[in-house]
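My notes follow in the order I took them.

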Amino acid sequence: MNVGQTELSVVIPLHNEVQSLFELQGALVTSLEAFGDRCEMIFVDDGSTDGSFQQLQRIREMDKRVKVVRLRGNQGKAMALIAGFRQAQGGILLTMDADLQDDPKEIPRFLQKLEEGYDLVSGWKVIRHDPLFRRVLSIVFNRVTSWLTGVRLHDFNCGFKAYRRKV
């Protein structure tokens with residue numbers, strides 16, 4: 001890669017996460033320190049109504065590596081990810097949620113696995129902070145998906161993932 005070229009793009013879809021954004025940004029800066037200006041953080045505001053977009057604008061003013069994408073209305077996580085991927089310049093794409101359930105300190109471990117030759121590394125939320133109903137649905141979904149596909153993953157639905165661009 002050329003010097004100064006973006007190597008890593010962190011794509012963060014969010015909806016009404018104003019309370020966590022500054023803390024998340026600080027943790028990302030620490031975890032991505034080794035990349036310097038060769039990384040970018042792309043926050044995709046999926047129609048927030050709580051001041052998240054304004055908070056993101058303040059964060060962008062403090063860190064030139066931050067990009068902010070704003071979607072009209074709540075279009076869902078898949079559309080937010082697509083919008084973020086369209087803006088991403090990095091050869092490695094990392095996705096994570098903005099609610100602080102995904103720990104940015106784990107990013108180096110994801111990147112290490114990619115260096116070992118993997119094209120996709122998927123996270124696993126061992127301790128979930130979701131309501132009981134969502135946790136039960138997640139367990140059922142993961143078991144059925146494993147059974148149908150033959151792929152053994154703990155958490156298919158975890159948004160904390162690292163991909164090579166080609167994937």
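**K77 and D97.** I began with K77, which counts as partly exposed because its relative accessibility is 37%. This is a predicted model, so I treat every value here as computed. K77 forms a salt bridge with D97, and the closest N and O atoms are 2.7 Å apart. I then checked where the two partners sit. K77 lies in helix α3 (residues 77-87), while D97 is in the loop between β4 (92-95) and α4 (107-115), so the pair ties together parts that are 20 residues apart in sequence. Is D97 buried or exposed? D97 is buried, because its relative accessible area is 11% and the cut-off for buried is under 20%.

**Salt bridges overall.** I asked next how many salt bridges the structure holds. The structure holds nine. I noted the general point that side chains of opposite charge can pair when their charged atoms come close.

**R38 and E7.** R38 forms a salt bridge with E7, with the closest N and O atoms 2.5 Å apart. This pair links distant parts of the chain: R38 is in the loop between α1 and β2 (39-46), E7 is in the segment before β1 (8-14), and 31 residues separate them. R38 has 27% relative accessibility and so counts as partly exposed. E7, at 22%, also counts as partly exposed.

**K64 and D37.** I went on to K64, whose side chain meets that of D37 in a salt bridge at 3.5 Å, N to O. Here too the pair links distant parts of the chain, 27 residues apart. K64 sits in the loop between α2 (52-62) and β3 (66-71), and D37 in the loop between α1 and β2. K64 counts as exposed, because its relative accessibility is 70%. D37 is at 49%, so I logged D37 as partly exposed; the cut-off for exposed is over 50%.

**A network.** I also found D119, R164 and K166 linked in a network of salt bridges.

**V29.** Last, I turned to V29, which lies in helix α1 (residues 21-31). V29 counts as partly exposed because its relative accessibility is 32%. Which residues does V29 touch, not counting those up to four places away in sequence? V29 touches D63 and R65. I also checked V29 against M41, twelve residues apart along the chain. The C-alpha atoms of V29 and M41 are separated by 9.4 Å.

Definitions and conventions
Residues numbered from 1 in each chain as written. Predicted model: local features only at pLDDT ≥ 70, side-chain atom pairs only at ≥ 80, totals over all residues. Heavy atoms only, no water. Helix = DSSP H or I, 4+ residues; strand = E, 2+ residues; numbered from the N terminus. Buried < 20%, exposed > 50% of the residue type's maximum accessible area, 1.4 Å probe, protein only. Contact = heavy atoms within 4.5 Å. Salt bridge = Lys/Arg side-chain N within 4 Å of Asp/Glu carboxyl O.
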